[in-house]
Amino acid sequence: MEKMLVGCFLLLLGQILLLPAEARQRPRSRSISRGRHSRTHPQTALLESSCENKRADLVFIIDSSRSVNTHDYAKVKEFILDILQFLDIGPDITRVGLLQYGSTVKNEFSLKTFKRKSEVERAVKRMRHLSTGTMTGLAIQYALNIAFSEAEGARPLRENVPRVIMIVTDGRPQDSVAEVAAKARDTGILIFAIGVGQVDLNTLKAIGSEPHEDHVFLVANFSQMESLTSVFQNKLCMAHMCSLLEHNCAHFCINTPGSYVCRCKQGYILNADQTTCRIQDLCAAEDHGCEQLCVNLLGSFVCQCYSGYSLAEDGKRCVAVDYCASENHGCEHECVNADGSYSCRCPKGFSLNPDKKTCTKIDYCASPNHGCQHECVNTDDSYSCRCLKGFTLNPDQKTCRRINYCALKKPGCEHECVNTEEGYYCRCHRGYTLDPNGKTCSRVDHCAEQDHGCEQLCLNTETSFVCQCSEGFLINEDLKTCSRADYCLLSDHGCEYSCVNTDRSFACQCPEGHALRGDGKTCAKLDACALGDHGCEHSCVSSGDSFVCQCFEGYLLRADGKTCRRKDVCQAVDHGCEHVCVNSGESYICKCSEGFRLAEDGKRCRSITMYAVGVGKAIEEELQEIASKPTDKHLFYAEDFSTMGEISEKLKKGICEALEDSDGSQDSPAGELPKRGHQPTESEPVTINIQDLLSCSNFAVQHRYLFEEDSLSRSAQKLFHSTKSSGSPLEDKPDECKCENLIMFQTLANEEVRKLTQRLEEMTQRMEALENRLRYR
């Protein structure tokens, strides 16, 4: 009681002595800048006074969870900066540390980090919001174990420097706080708990020190935290009696407002003198369960037995004298005391032999009924099934299945994942090599790995490389060097006078005084048509020193003698075409709408049986839409153009049967076919486009747009020869629908597609080579 009176007297004296000092400091008011507009606090006078020469280790614990918005987070920083104003910060006075917590704890700075107030203020202003969970208990545990360690700047307990935590939170903790907060308080740490908004008051009380009215505070929002500044100035600047008085506490001295209390270490309780400590009598305070005797230890207890008894294995019960220990019992495994004697006992998985002393291990796997697919393993009192390497036990605990490590671990192999007995490995496709990360693949650059010797281009293949030449050049016999392509020599150019090579082809040239005709091959002597601006729409014909204009076949010269107009034969005659009449020079021809073909009378139209042939990546749904029903007779598929010969016989048979059926069902023409117009002479090339061929042959080819017009024209010229104008059109024109011609056309068409595919592959390889060169620059 005398100590309490002395403490109260010193506290009152300290407050009286502080008043004049505060009164002297008030006239020197100053604005406090914290990175925002300067403002004057209601407690300006209080802020200007500091805890001069006050020793303390103060750690702020700030809630930085996602529930604290940016504006409120700024208010928390302002509150800390206000508190710092009245603290006397220095290595030998008040040391300050700060922790932020969310789902984890972030140590912004420790008690030993800064030595001046300005450094602490800068660190507070630079803090960044964590925006995660609310692990309050974890933050207090971090402060107890790390922040208040001497390694982080806390002064030793023997120096009696007050240890203070000021924790600010706006929500319910996501972990347990009561137990860890109690441990912190028991070590002598004073905890101020500040709750903002809808915070559970009982949780704050579980965190803060007692009495709660001095250490637990709750405000409605972050803006109201300013009202607590003067409160904490009084509490933090108040004299700590533990450091001023000779407290005589046996273990810990805990400061309270104007006084102190003593606390004991864990396992001890405070004696009636409120100063000394004694070991806690757990035997009296708890239901120890000891059968005979209970003996207290530091923070625990043990059971003991009377003389003639020994403590059982459970540490509670007492058993009579151990005959097994006093005699040579001879038990192989375990000796069990009985009334006045003992007996031998075997552990689980063993059976006692007839000698009642030794034991034999029970072989449960010896029974043929264990049902294990791979291996049977004996256990203590039964058996279990085990699988070989690379296998795992099924839920029935007996059968085994192979472990799919690739599916189980999802290794992320770029190309292939290969299972092994104990794991997996990644493997690349042919032409690729595995990268050092063991997952991704890179194309093997054979051109870069060796001296390829190619004069112009080097293209990688799956296992090696090939040399190629740029456009306009041909590879030589050494397969390395290139020579410019002589198109005049390689082709039948047909030039009347001379042939000149160009970059990609050739051109015919005429001698001086001559001009190249429209066919691009023959030459004509320059005449009036060539020298003058005749203005003829179609053609100019020299006539002595002058010229006359002429029109192409099927056209008439207009009155101006220059321009031409088409002769519309279809409008002039009763053509009798069932679908469409098309003018053809001085005559006309009948044509049919899509999906029909011209009948033998040259006027009526009949529908197209469609045969669909898919090659390579052809889409089956599109082929089914093209092919006639039933599709099993009209739809064929080949892996590539090299394998089309395998289905050619089926296709030929189907087409020929369809043509025979069509020929047998055709009606005899009612009369003589109309004149089909001008027939081309032998010198005029005949071009039959692919759609005409398809209509004639009842044959549809998927991807027909890939055919090059020139190549197709040349193929058609080889298939269908023009007739002389003097012959009858029906007599001289070959049967374009003969199966032999169709199969020949198919073969030529396949060859053209194959060449085009090869060119596409070559261009792809060139692009890959360029990409590889750019990659290794």
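Strand β1 pairs in the parallel sense with strand β4 (residues 163-169) over six bridges; two strands pair if DSSP finds at least two bridges between them. Within this pairing, V59 has I165 in β4 as its bridge partner. The model is a predicted one, in which local features need pLDDT of at least 70 and side-chain atom pairs count only at pLDDT 80 or more, while totals for chains, interfaces and linings use all residues. Residues are numbered from 1 along each chain as its sequence is written, and side-chain values use heavy atoms, with hydrogens and water left out. Helices (H or I, at least four residues) and strands (E, at least two) are DSSP runs, numbered from the N terminus.

Strand β1 spans residues 56-63 and also pairs with strand β2 (residues 94-101), again parallel, through eight bridges. Here I62 stands opposite Q100 of β2. How many of the residues of β1 are buried? The count is eight of eight, so the strand is mostly covered, where buried means under 20% relative accessible area, exposed over 50% and partly exposed in between (1.4 Å probe, protein chains only). A56, L58, F60 and I62 point one way from β1, whereas D57, V59, I61 and D63 point the other way.

The nonpolar cores come next. A nonpolar core is a set of buried Ala, Val, Leu, Ile, Met, Phe, Trp, Tyr and Cys residues joined through side-chain atoms within 4.5 Å. The largest holds 36 residues, and F60, L84, L87 and F232 touch the most other members. Elements giving two or more residues to this core include β1, β2, β4 and α9, but α3 gives the most, with seven residues. In soluble globular proteins, nonpolar side chains tend to be buried together.

Rings of Phe, Tyr and Trp (its six-membered ring) pair if their centres lie within 6.5 Å; planes under 30 degrees apart count as stacked, over 60 as edge-to-face and the rest as tilted. By this rule there are four aromatic pairs. One of them joins F79 and F232, whose ring centres are 6.1 Å apart and whose planes meet at 75 degrees, so this pair is edge-to-face. F79 lies in helix α3 (residues 70-85) and F232 in helix α9 (residues 229-237), so that the pair links distant parts of the chain, 153 residues apart. F79 is buried at 2% relative accessibility, and F232 is buried at 0%. Ring pairs also bring F192 and F217 into a cluster with F79 and F232.

Helix α6 (residues 178-186) has V180, A181 and A184 as its buried residues. Viewed down the helix axis, these fall within an arc of 100 degrees and so line one face of α6, the arc being that of the directions from the helix axis to the C-beta atoms. They pack against α5 (136-147), β5 and α7 (201-207), with contact meaning heavy atoms within 4.5 Å. After α6 comes G188, with a positive phi near 100 degrees.

Elsewhere, strands β19 (residues 375-378) and β20 (residues 383-386) run antiparallel and are joined by four bridges. V377 stands opposite S384 of β20, and a hairpin of four residues connects β19 to β20.
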